[in-house]
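User: I would like to learn how to read the charged side chains and the surface of a protein model. Could you take me through one case, feature by feature?

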Amino acid sequence: MRRMDLAFVWIAAAMPGAGLANGSSLPPLPDWQTDAASCTWQWHQGGGIGIWAESCDFNGSIWQVVWDEDRAAFVMRNDDADMGIAVQNFALPEGDSIATLKEVLIAAGDLDADADCTWQAIALRPAPGSMTFHMLTPDDPAALAPTATGDVPEPVCGPYGTSTHGIRYFVTDLRWPGRAIFVEKGQERPLFDPASITLLP
């Protein structure tokens with residue numbers, strides 16, 4: 001199975017060319033597709049964000065992005081099986097600094113208060129100058145290395161931190177004051193377009 005990854009919120013499918021609630025245009029339809037015969041692009045929105053994501057039928061198994069009200073996040077689902085969070089919208093408690101999000105993760109039990117983890121800005125892909133990508137990474141680079149027995153250690157920085165199993169990161173944008181968007185991209189290109197993430201009015 002290719003691309004067993006991620007995506008988004010309270011589903012409201014829309015055709016290309018439709019508008020947002022404030023009358024503005026949707027982000028451009030992505031110019032790529034996982035499998036033209038098996039997948040279709042749909043616009044999804046909810047939880048304050050919108051995104052283009054694919055719905056794919058692979059050998060009778062439906063892979064799609066859905067909004068999970070209990071988790072307040074978009075999740076990737078294979079039929080009825082929850083494959084994990086794809087995208088999640090976080091409010092920054094003190095202004096626009098990503099550093100304040102660490103305390104939110106600790107309070108939610110998603111990060112050990114004693115974990116030696118630091119926010120690192122990364123150059124992930126071309127993006128508007130107002131946008132910054134961040135990873136929560138262990139201070140010790142060897143923390144994610146296989147053990148002497150070849151076992152892969154648990155992520156030191158929790159489920160939102162750097163992982164050996166794929167790319168996880170947060171996005172902040174000067175156009176989205178007080179917000180940080182978590183993206184679980186996985187090991188391959190996900191079934192959604194991260195560049196289409198839009199904070200809704």
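Analyst: Let us begin with the surface: the chain exposes about 10,100 Å², of which carbon and sulfur atoms supply 52%, where accessible areas come from the Shrake-Rupley method with a 1.4 Å probe and, for residues, only the protein chains shown count as cover. This is a predicted model, in which local features need pLDDT of at least 70 and side-chain atom pairs count only at pLDDT 80 or more, while totals for chains, interfaces and linings use all residues. Residues are numbered from 1 along each chain as its sequence is written, and side-chain values use heavy atoms, with hydrogens and water left out.

User: Which elements make up the chain, and in what order do they run from the N terminus?

Analyst: Helices (H or I, at least four residues) and strands (E, at least two) are DSSP runs, numbered from the N terminus. Here there are one helix and ten strands, and the order is β-β-β-β-β-α-β-β-β-β-β.

User: What share of the 201 residues is buried?

Analyst: Buried means under 20% relative accessible area, exposed over 50%, and partly exposed in between (1.4 Å probe, protein chains only). By that rule, buried residues make up 46% of the 201 residues in the chain.

User: How many salt bridges does a search of the whole structure find?

Analyst: Side chains of opposite charge can pair when their charged atoms come close. The criterion is a side-chain nitrogen of Lys or Arg within 4 Å of a carboxyl oxygen of Asp or Glu, and a search of the whole structure finds four such salt bridges. One of them joins E184 to R168, with the closest N and O atoms 2.8 Å apart. Because E184 lies in strand β9 and R168 in strand β8 (residues 167–173), this pair ties together parts that are 16 residues apart in sequence. E184 is buried at a relative accessible area of 14%, and R168 is buried at 13%.

User: Where is D193 found, and which side chain of opposite charge is nearest to D193?

Analyst: For charges, Lys and Arg count as positive and Asp and Glu as negative, while His and the chain ends are not counted. D193, found in the loop between β9 (179–186) and β10 (198–199), is buried yet has no salt bridge, and R125, the nearest side chain of opposite charge, is 6.5 Å away. Leaving aside residues up to four places away in sequence, D193 touches P30, W32, W41, I51 and W52, contact meaning heavy atoms within 4.5 Å.

User: Which residues form the negative surface patch?

Analyst: Patches are made of residues with over 30% relative accessible area and no salt bridge, like charges being joined within 9 Å and nonpolar side chains (Val, Leu, Ile, Met, Phe, Trp, Tyr) within 5 Å; the place of a charge is taken as NZ of Lys, CZ of Arg, CG of Asp or CD of Glu. The negative patch here is formed by D112, D114, D116, D139 and D140. D112 sits in the loop between α1 (101–107) and β6 (117–122), and at 48% relative accessibility D112 counts as partly exposed.
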